[in-house]
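Hello,

Here is the structure I said I would pass on. Please look through it first; my notes on what turned up follow below.

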Amino acid sequence: MTEDIQAIKRRFGILGNNKDLNRAIEIASKVAVTDMSVLVTGESGVGKEVFSKIIHQSSSRKHNKYIAVNCGAIPEGTIESELFGHVKGAFTNADRDRKGYFAEADKGTIFLDEVGELPMSMQVKLLRVLESGEFLPVGSSKPLHCDVRIVAATNVNLLKAIEEGKFREDLYYRLNQISINIPPLRERQDDIYMLFMRFSVDQAEKYHMPHISLTEDAREYIKRYHWKGNVRQLKNIAEQISIIETSRTIDAQTLQKYIPLESSLPVLFNADNETIIGDDALQMVLQSKREIENLKLEINQLKEIVKTLITNSSNTLFLSSPHHTSTENEDDIIDIELKNEPNLNIGDLKKQAIIDALKKHNGKRREAAEELGISDRTLYRKIIEYGLKDSKDE
């Protein structure tokens, strides 16, 4: 089977050894000998149409027509005529009968790209073709029959579209008799450099130019880049650099002119496991960074507290009320004793930090709060929480 996969790669110009990519090729090869409908999924630019060609060329229909249709590129008002044809007089300017794509592809294969963009009215008609092979040309009352193998592709989540009422569930299961998922380029990191060099070499040879090479930092840059446009984007960038750059040695700084640095952010996912890129990802990264810094600060504070507890020879603290100049008034003195327990928890440590800060600043709450890195309000709340006597700034 490995030899068969390699042969298919050579035949259709597929580069890479990613296991998920190999699995997709294997499924396409196995399903080709059947007439089952196939749904190819994957992000824009991963090369979904290549797999429809593998299926057609490896099937018994390979000597008949293969027609690729981009459902998202056809206006809603004309898509029915494009797919199923029309009869003369069906609408203005319909001066003759016209075959649609399904009639043209009879006994062959039709590839419906971006099938998730089909209007609901067309989804009903497509379902009928899948179930019975029948369709009606626009303006005709006589059904026609076709024998067409359908391979559909989408870069949207059709299950989510079904939940939102944008795609028919029955059509989904008719199209998805076999599913093939193409991995995004960012999950094929070991293949990226190989693909980049193939595209750049092909471009250089086409225009009789010296080949380019990548420095080590440039190789790492393209490996870590997100590649939102996948293989299509990588190909465009490699070809642009091959033609435009005078130097034949490309470093990471040069690459940044073609692929912005901010798009190299770590891949993040939201609750729906959808990739987040751009400002949302940046905000999440910054928020995580702030949380980490705050955690480091708290850890350092706790270390200082423990050090203070070890070196502090007195376990009794007397706080003076700012309303009295004498510290000998028993009504204005808080006698707080810290018991010598062997295992203090974080609450004990935080409480002791507040005690020490208030002692250091003679009970002045604002200065103590500044040293602790918290607000006056937070300090006041903690004083109440820990049962310490309130003390206000002079």
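Keep in mind that this is a predicted model. I start with its largest nonpolar core, which has 31 residues. Those with the most contacts inside this core are Leu83, Phe102, Leu112, Leu126 and Ile150. Two or more residues each come from strands E2 (66-70), E3 (109-113) and E6 (149-154), and from helices H4 (79-84), H6 (120-132), H7 (158-163) and H8 (169-175). The largest share is that of H6, with 5 residues.

Leaving out residues up to four places away in sequence, Phe102 touches Leu83, Phe84, Ile110, Leu112, Leu126, Val129, Phe135, Cys146, Val148 and Ile150. There is also a second, separate core of 24 residues, with Met197, Ile222, Ile250 and Leu255 among them. As background, nonpolar side chains tend to be buried together in soluble globular proteins.

Next, a charged residue. Beyond neighbours within four places in sequence, Asp191 is in contact with Gly16, Asn17 and Asn18. A polar atom of the Asp191 side chain lies 3.4 Å from the backbone nitrogen of Asn18.

Last, a helix pair. The axes of H15 (residues 365-372) and H16 (residues 376-385) come within 9 Å and cross at roughly 100°, which means that H15 is roughly perpendicular to H16. Arg365, Arg366, Ala368, Ala369 and Leu372 in H15 meet Asp376, Leu379, Tyr380 and Ile383 in H16. By class, this contact has 6 nonpolar, 3 charged and no polar residues.

Regards

Notes
Residues are numbered from 1 along each chain as its sequence is written. This is a predicted model: local features need pLDDT of at least 70, side-chain atom pairs count only at pLDDT 80 or more; totals for chains, interfaces and linings use all residues. Side-chain values use heavy atoms; hydrogens and water are left out. Axes are lines fitted to C-alpha atoms, for helices over the stretch in contact, and angles run from 0 to 180 degrees between N-to-C directions. Helices (H or I, at least four residues) and strands (E, at least two) are DSSP runs, numbered from the N terminus. Angles under 35 degrees count as roughly parallel, over 145 as roughly antiparallel, 65 to 115 as roughly perpendicular and the rest as oblique. Contact means heavy atoms within 4.5 Å. Ala, Val, Leu, Ile, Met, Phe, Trp, Tyr, Cys and Pro count as nonpolar, Asp, Glu, Lys and Arg as charged, and the others, Gly among them, as polar. A polar contact is a pair of N or O atoms within 3.5 Å; within protein, one must be able to donate a hydrogen and the other to accept it, and residues adjacent in sequence count only if both atoms are side-chain atoms. A nonpolar core is a set of buried Ala, Val, Leu, Ile, Met, Phe, Trp, Tyr and Cys residues joined through side-chain atoms within 4.5 Å. Buried means under 20% relative accessible area, exposed over 50%, partly exposed in between (1.4 Å probe, protein chains only).
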